[in-house]
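Visitor: Hi, I'd like to go through a structure with you. Can you take me through the packing?

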Amino acid sequence: MAHGDGVVVEREKMTRRSHASDRSPALPQTRQETASGAEDDDGRTRERKGLMRVKSAGESGRSGVHPVQFLAIAWRSTSRLSRAVNVLWPVVPAAVVCNYVRSLEDQHVAKFSLAYVAMVPCANLIGFAGQELARKMPHMLGALTEVTIGSVVEIALFMALLVQREFYVIQAAILGSILANMLLCLGLCFFTAGARHKVATFHEAVSEVGSGLLLIAGVGLAIPTVFQRSVISGGFQLEPGDLDSRVLNISRIISVLLLIAYAVYLFFQMHTHHGIYDAVFEHDEGRDADGHKDRTKAKFTLTECVLALAISVALVTVLAVALVSEIPFVVEQQGISDPFMGLILVPLVEKAAEHLTAIDEAWDNQINFALSHCIGATIQTAMLNAPLVVIVGWGRRFPMDLNFELFDVVMLILAIVTVGNFLRDQKSDYLEGFLCVVLYVAIAVAAYYFPNPHQAAGAEGGGEGAVEEAARAVRRMVFS
């Protein structure tokens, strides 16, 4: 009898294990499921994996710094595309040396080109070191750390432009960075994933929250521009200095509000709802096409991650200063407009690390990771980096505001609506990716032909004639 009971109990255990294995791939679909946790076979709640859970995926099996292995791992990088970028490393010392050689002071185009190209391998090393560091952390904290480290290049360029008082280029670069992430990077991720799989599916927690925040951030950034254009078109009798002061105050207040909104968003992701995101990223790791290779390849130690970040950030800072100092000369001598420089050229180099990482993840069928890089970096630019530049300018008494060109703002809002429509069904294919890239190229062409600010009507004479002319132009555009 005892033997029979033992057989029955053993069969029940095997049945429960079978049912549990069938349920294992499921993701939490609601906040309540994540908050309460899933129940095991006996009806007991399984303990959730908290934010501070230590991961073993990033273990290197070493400690300290090993120069030969450090260089070999850095050269290997994350993918073949990133490894190809490392071929550009000889350009880095050439760019640094040319920036300090007096005999080359008049070679502005050559110095700009060298600094521009040299930024790419440095940004790639920042992205790779950030990824290696993120592997040693819990999923959500690692993803946030990786995106934040990837924004170091952008912040360095923004601050260098701010010191040079290139406010117009900063404004264009802010929106250009958002457009590059939303259209170019996301489009290439959709196209890459679609080239390997007919349809790539992603979780609504990544797409819906991200697209909603993008729309809120886009509207927030557009408010100062809409306010300024409305006052001009409405015929209100305000002195130009008074109007500029009001726009500047509005920009500073909105910057503070966006920073607060970003802090609440981080609290949402990292504390109250981190279980959903952890489950999503764990699911992505499970379907990683190259997961077996990633688990066996050599990795940076923690010390080597910090060393790689220190070296690459120092080089990026030097190159950013060199690059920014040559922008006025390149604009004047080569006929490249400030809108094209800020909206297209600067964002492409500052976002190189995120783009390479996201495309590699999309190819490996980790589309949720790829989306977190594209959308996460976009949100960080709109709600952290852009407000941060305004706040720093405020502290230094610079008139840095969020009064963008009307063309830039309209393109931003339309791009957000377009991408949000593609994200709505939690599916993507290569066609959607191709269309996003085509839209980005179309905007780049328009930015190339957009005139410089000093070419605006009445710029030389200034005064009320320019304001009235702008008001008439806005009325024709709105009511025609």
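Visitor: What kind of model is it?

Guide: This is a predicted model, where local features need pLDDT of at least 70, side-chain atom pairs count only at pLDDT 80 or more, and totals for chains, interfaces and linings use all residues. Residues are numbered from 1 along each chain as its sequence is written, and side-chain values use heavy atoms, with hydrogens and water left out.

Visitor: How many helices and strands does the protein have?

Guide: There are 20 helices and two strands. Both are DSSP runs numbered from the N terminus: helices are H or I with at least four residues, strands are E with at least two.

Visitor: And what share of the residues is buried?

Guide: Buried residues are 50% of the 480 in the protein. Buried means under 20% relative accessible area, exposed means over 50%, and partly exposed is in between, with a 1.4 Å probe and protein chains only.

Visitor: What about contacts along the sequence?

Guide: Take contacts between residues at least 6 apart in sequence: 84% of them join residues at least 24 apart. Contact here is heavy atoms within 4.5 Å.

Visitor: OK, helices. At what angle do helix 15 and helix 19 pack?

Guide: About 140 degrees, with the axes of helix 15 (residues 338-350) and helix 19 (residues 430-449) 7 Å apart. Axes are lines fitted to C-alpha atoms, for helices over the stretch in contact, and angles run from 0 to 180 degrees between N-to-C directions. Helix 15 and helix 19 are therefore oblique; under 35 degrees would be roughly parallel, over 145 roughly antiparallel, 65 to 115 roughly perpendicular, and the rest is oblique.

Visitor: Is the crossing of helix 15 and helix 19 left-handed or right-handed?

Guide: Left-handed. That's when the near helix is turned anticlockwise from the far one by less than a right angle; clockwise gives right-handed.

Visitor: Which residues meet there, in helix 15 and helix 19?

Guide: Helix 15 brings Pro339, Phe340, Leu343, Ile344 and Leu348, and these meet Tyr440, Ile443, Ala444, Ala447 and Tyr448 of helix 19. By class, that contact has ten nonpolar, no polar and no charged residues. Nonpolar covers Ala, Val, Leu, Ile, Met, Phe, Trp, Tyr, Cys and Pro; charged covers Asp, Glu, Lys and Arg; the others, Gly among them, are polar.

Visitor: How do helix 9 and helix 15 cross?

Guide: Their axes come within 7 Å and cross at roughly 55 degrees, which makes helix 9 oblique to helix 15. The crossing of helix 9 and helix 15 is right-handed. By class, the contact of helix 9 with helix 15 has 13 nonpolar, three polar and two charged residues.

Visitor: New topic. Which residue does Phe167 form an aromatic pair with?

Guide: Phe398, in a tilted pair: 6.1 Å centre to centre, 50 degrees between the planes. Rings of Phe, Tyr and Trp (its six-membered ring) pair if their centres lie within 6.5 Å; planes under 30 degrees apart are stacked, over 60 edge-to-face, the rest tilted. Phe167 is in helix 9 and Phe398 in the loop between helix 17 and helix 18, 231 residues apart. Both Phe167 and Phe398 are buried.

Visitor: Last one: why does Asp408 count as buried?

Guide: Because Asp408 has 6% relative accessibility. Asp408 is found in helix 18, and beyond its neighbours within four places in sequence, Asp408 is in contact with Ala172, Leu175 and Leu343.
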